[in-house]
Amino acid sequence: MFSWSNKDGKKKDPELFQTVSDGLKRLYRTKLFPLEDAYRFHDFHSPALEDADFDNKPMVLLVGQYSTGKTTFIRHLMEQDFPGMRIGPEPTTDSFIAVMHGEQEGLIPGNALVVDPKKPFRKLNAFGNAFLNRFICAQMPNPVLDSISIIDTPGILSGEKQRISRGYDFAAVLEWFAERVDRIILLFDAHKLDISDEFSEVIRALKNHEDKMRVVLNKADQIGTQQLMRVYGALMWSLGKIVNTPEVIRVYIGSFWAQPLLVADNRKLFEAEEQDLFRDIQGLPRNAALRKLNDLIKRARLAKVQAYIISSLKKEMPNVFGKENKKKELIANLGEIYAKIEKEHQISPGDFPKLSKMQEVLAGQDFTKFQGLKPKLLESVEDMLANDIAKLMTLVRQEEASMPSQAVQGGAFEGTMNGPFGHGYGEGAGEGIDELEWVVAKDKPTYDEIFYTLSPVNGKVSGAMAKKEMVKSKLPNNVLGKIWKLADVDKDGYLDDEEFALANHLIKVKLEGHELPADLPDHLVPPSKREQ
């Protein structure tokens, strides 16, 4: 049980939250929703949140042009076909498919899906039948789906004709999903790097969600190393023109399907990249509560700005005559109103909504129905941000500590976890893990020659003598200190010939670019020390 009381001069009943999800729901309903409702936040930005938005599993949204391997990527993760799945080189996926866990395998059509209060899709009803006829939920029992849900999207096409024929606002639907998902994966085909007009529009619609965005350069096994370098460079250049962030967006290179590699030159690179991406996805359940908390804070900041904008426009409107002309004038001068609010309330420019979009929505609004500034509503949200959220963060940490390590299990995530095909197995500090002989023994004669030049006493060299030799590796002292700690197995402050050979072996491991183990693995313990 977690509780606190808010003190602002008036006595309030203490807030009692069982879980982070419960706390977020209550804070949203009691403090943020009243502000959103008063200043028409839901007309301008995003529909109101429901309980299912706070309770649902982490979601992964896949976006990409047609034939980049989105559906194949999902099948690769789950190692199982899902209902409604179609794979081919032509544009095959023509619907949004929410792949979710269910005891029985089957499909739920969009119109039935948006009336289910247990699913987080009720507000998609606003996009109409043209969209709902192209939205389905594929349910199936699969261990991967125990922890996450995956949203497959229609392949993005190029040209004006295809964009018109959808019948719904494709970019707006993706933006709706982007606000609610935990990870957005943009897929690119190594043979098809052109970013169409619609894809550019989609990526821009995902602005403000760059922290959730990852890029996958798929089908990379179909080209050689030299071509791959050029393709990677071209992709980064193209993305740099669209994604306006100072940081370089993370790109994972690989071939995400269960087929033999066509060009196996970069096998080790693909394995390392796949492991990095899998680790990122596996961490989503553990970080889900924190992500929802972060999204609520972003929403609250935008709602505050919305309140200031709407109340400023209301204040400027005349009481009787010239309302329509004044409305046009205010919309045209919205940039000046932004600047005034920014200066008056000390708000960061990055918290303001996009000017052109705001002007577009304002054109269809009745300014006479706008509300003036209500300090109590703003104070409630300020109190939420200043006090409640900080205390809810404590509950996040408590939940993380009390729950076992959460990670996505099953499917492709199991294939490279254990046994000799795990990433890094038999490399670096793991070299010789399943050999009968001590792996250091093959280089020990070379290390022994150096050892005996250091004038050992009673078969051991001191730390000072060993240091003179070890610093020749040019590794920093903190790394050499860790190597010394691992190599001095009997912790007597000296190294015998086996321990000295081990220290040199670990130096070699580090110089080859591998990480040092936190503790000395059993297969690296010198033979004479194993009984100890």
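Q: If contact means heavy atoms within 4.5 Å, which residues of α20 meet which residues in α21?
A: Val479, Leu480, Ile483, Leu486 and Ala487 of α20 meet Glu499, Leu502, Ala503, Leu506, Ile507 and Lys510 of α21. By class, this contact has 9 nonpolar, no polar and 2 charged residues (nonpolar: Ala, Val, Leu, Ile, Met, Phe, Trp, Tyr, Cys and Pro; charged: Asp, Glu, Lys and Arg; polar: the others, Gly among them). The model is predicted, with local features needing pLDDT of at least 70 and side-chain atom pairs 80 or more, while totals for chains, interfaces and linings use all residues. Residues are numbered from 1 along each chain as its sequence is written, and side-chain values use heavy atoms, without hydrogens and water.

Q: At what angle do the axes of α20 and α21 cross?
A: Axes are lines fitted to C-alpha atoms over the stretch in contact, with angles from 0 to 180 degrees between N-to-C directions. Helix α20 (residues 477-487) and helix α21 (residues 497-511) cross at roughly 140°, their axes coming within 9 Å. That makes α20 oblique to α21 (under 35 degrees is roughly parallel, over 145 roughly antiparallel, 65 to 115 roughly perpendicular, the rest oblique). Helices are DSSP runs of H or I, at least four residues, and strands runs of E, at least two.

Q: Which residues does the annotation "domain: EF-hand" cover?
A: In UniProt, an unreviewed entry gives residues 475-510 for it. Over residues 475-510 the chain is 69% helix and 8% strand, with the end C-alpha atoms 9 Å apart.

Q: At what angle do α12 and α14 pack?
A: Helix α12 (residues 284-316) and helix α14 (residues 334-345) pack at about 115°, with axes 10 Å apart. The two are therefore roughly perpendicular to each other. On the α12 side the contact is made by Tyr308, Ile309, Ser312, Leu313 and Glu316, and on the α14 side by Leu334, Ile337, Tyr338, Lys340, Ile341 and His345. These residues divide into 7 nonpolar, 2 polar and 2 charged.

Q: Which residues make the contact of α14 with α15?
A: The axes of α14 and helix α15 (residues 355-362) come within 10 Å and cross at roughly 115°. Leu334, Gly335 and Tyr338 of α14 touch Leu355, Met358, Gln359 and Leu362 of α15. By class there are 5 nonpolar, 2 polar and no charged residues.

Q: How many aromatic pairs does a search of the whole structure find?
A: A pair of aromatic rings is described by the distance of the centres and the angle of the planes. The search finds 19 pairs (Phe, Tyr or Trp rings, the last by its six-membered ring, with centres within 6.5 Å; planes under 30 degrees apart are stacked, over 60 edge-to-face, the rest tilted). The rings of Phe96 and Phe131 have centres 5.5 Å apart and planes at 65°, so this pair is edge-to-face. Phe96 lies in strand β4 (residues 96-101) and Phe131 in helix α6 (residues 128-132), 35 residues apart.

Technical notes
Contact = heavy atoms within 4.5 Å. UniProt positions renumbered as here; feature names shortened; annotations may be inferred.
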